Amino acid sequence: VMFAGLTVANVLGVPFGAQVGERWGWRAAFWAVTAVGLLALVGVVVLVPGRAGRTAPTASAGLRAQLGAFRSGQVWLTLAATALGYGGMFGAFSYVAYTLTEVGGFSSADVAWLLMVHGVGLVVGNLLGGRAADHDRDRALVLALAGLTLTLAVFGLLATSPTASVVLMFLMGVFGFAGVPGLIARNTEHAQGAPLSAGANVSASNIGNALGAWAGGLAITAGLGYTAPLYAGALMVLTAVAVMAVAARRVSSSGRQRQAAVVRR
């Protein structure tokens, strides 16, 4: 539910910013972001409860307990899958406007509504992914990442087709965010609820964003064209599939071992 706010922001904010920048210049887009940020700040101050009356643990004890969460190999595998999954999608997304205009033949004015199509996909993927994670989380995560890998690769192959590009922009949003609720829940569970680990999940996604955009930029600079970020993203997400499969297998194996121990007792 919380991340639904981010997906709705992609439906409304990204195309709005693109439209503002197209009509009044990139500085106007930054001023618009400033206004929205101030509005959000007012909302936080007015609506978010304070800490009055709450007791908090000492900083040292709290920090030791939270750092202890990072002794879990499952936490690190989940963070790696998060970084690679986000990196692949946003590495491709960072240059998708050029893919659409230079390869797909769309005009720059079309980019705003195409980004909205992608944003609708994010909303749908967030809702479906959250539901799927409630039933079989690790399986849902592997399938979501595999679907994103396939979508990015096919997008690279069919980027010259306007119709296919619209469909694949939507699917990129669906599969790109279908794994987000499950990854966050998985990380929180294996970290035993440590807030620092939840923050690390967001950090991992931003590290992935930076690495993905860098890899896509290198591919374009190498002269591989504006579909290259899609293929680079597909390779990153494919690695995330492998990492998630290993993590899921380890959980399954440890579960069987515990079950066998109970039977022996």
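The model is a predicted one, in which local features need pLDDT of at least 70, side-chain atom pairs count only at pLDDT 80 or more, and totals for chains, interfaces and linings use all residues. Residues are numbered from 1 along each chain as its sequence is written, and side-chain values use heavy atoms, with hydrogens and water left out.

Let us start with two helices. Helix α1 covers residues 2-24 and helix α6 covers residues 111-158; their axes lie 8 Å apart, at an angle of about 180 degrees. Helices here are DSSP runs (H or I, at least four residues), numbered from the N terminus. The axes are lines fitted to C-alpha atoms over the stretch in contact, with angles running from 0 to 180 degrees between N-to-C directions. The two helices α1 and α6 are therefore roughly antiparallel, a term for angles over 145 degrees. On the α1 side, the residues making the contact include Phe3, Val11 and Pro15, and on the α6 side they include Leu115, Gly119 and Asn126; contact means heavy atoms within 4.5 Å. Sorted by class, the α1 and α6 contact has 13 nonpolar, 5 polar and no charged residues. In this sorting, Ala, Val, Leu, Ile, Met, Phe, Trp, Tyr, Cys and Pro are nonpolar, Asp, Glu, Lys and Arg are charged, and the others, Gly among them, are polar.

Now turn to the cores. A nonpolar core is a set of buried Ala, Val, Leu, Ile, Met, Phe, Trp, Tyr and Cys residues joined through side-chain atoms within 4.5 Å, where buried means under 20% relative accessible area (1.4 Å probe, protein chains only). The largest core has 37 residues, and those touching the most other members are Val96, Leu152, Phe155, Met169 and Met172. Two or more residues each come from α4, α5, α6, α7, α8 and α10, and α6 gives the most, with 10 residues. A second, separate core has 9 residues, among them Val75, Leu79, Ala83 and Ala200.

Which residues does methionine 169 touch, not counting those up to four places away in sequence? They are Val96, Leu100, Leu114, Leu115, Val117, His118 and Phe155. Leucine 168 lies in helix α7 and is buried, with a relative accessible area of 7%. Beyond its neighbours within four places in sequence, leucine 168 is in contact with Thr151, Val154, Phe155 and Leu158. Leucine 168 and phenylalanine 155 are 13 residues apart in sequence, and their C-alpha atoms are 6.1 Å apart in space.

Glutamine 74, in helix α4, is buried at 11% relative accessible area. Its side chain reaches the backbone oxygen of alanine 247 at 3.1 Å. Leaving aside neighbours within four places in sequence, glutamine 74 is in contact with Arg186, His190, Ala247, Arg250 and Val251.

Asparagine 201, in helix α9, also counts as buried, with 5% relative accessibility. Not counting residues up to four places away, asparagine 201 touches Leu79, Thr82, Leu183, Ile184 and Asn187.

Our last stop is threonine 99 in helix α5, which is buried at 2% relative accessible area. Apart from its neighbours within four places in sequence, threonine 99 is in contact with Gly104, Ala159, Tyr226 and Leu230.

Key:
Angles under 35 degrees count as roughly parallel, over 145 as roughly antiparallel, 65 to 115 as roughly perpendicular and the rest as oblique. Buried means under 20% relative accessible area, exposed over 50%, partly exposed in between (1.4 Å probe, protein chains only). A polar contact is a pair of N or O atoms within 3.5 Å; within protein, one must be able to donate a hydrogen and the other to accept it, and residues adjacent in sequence count only if both atoms are side-chain atoms.
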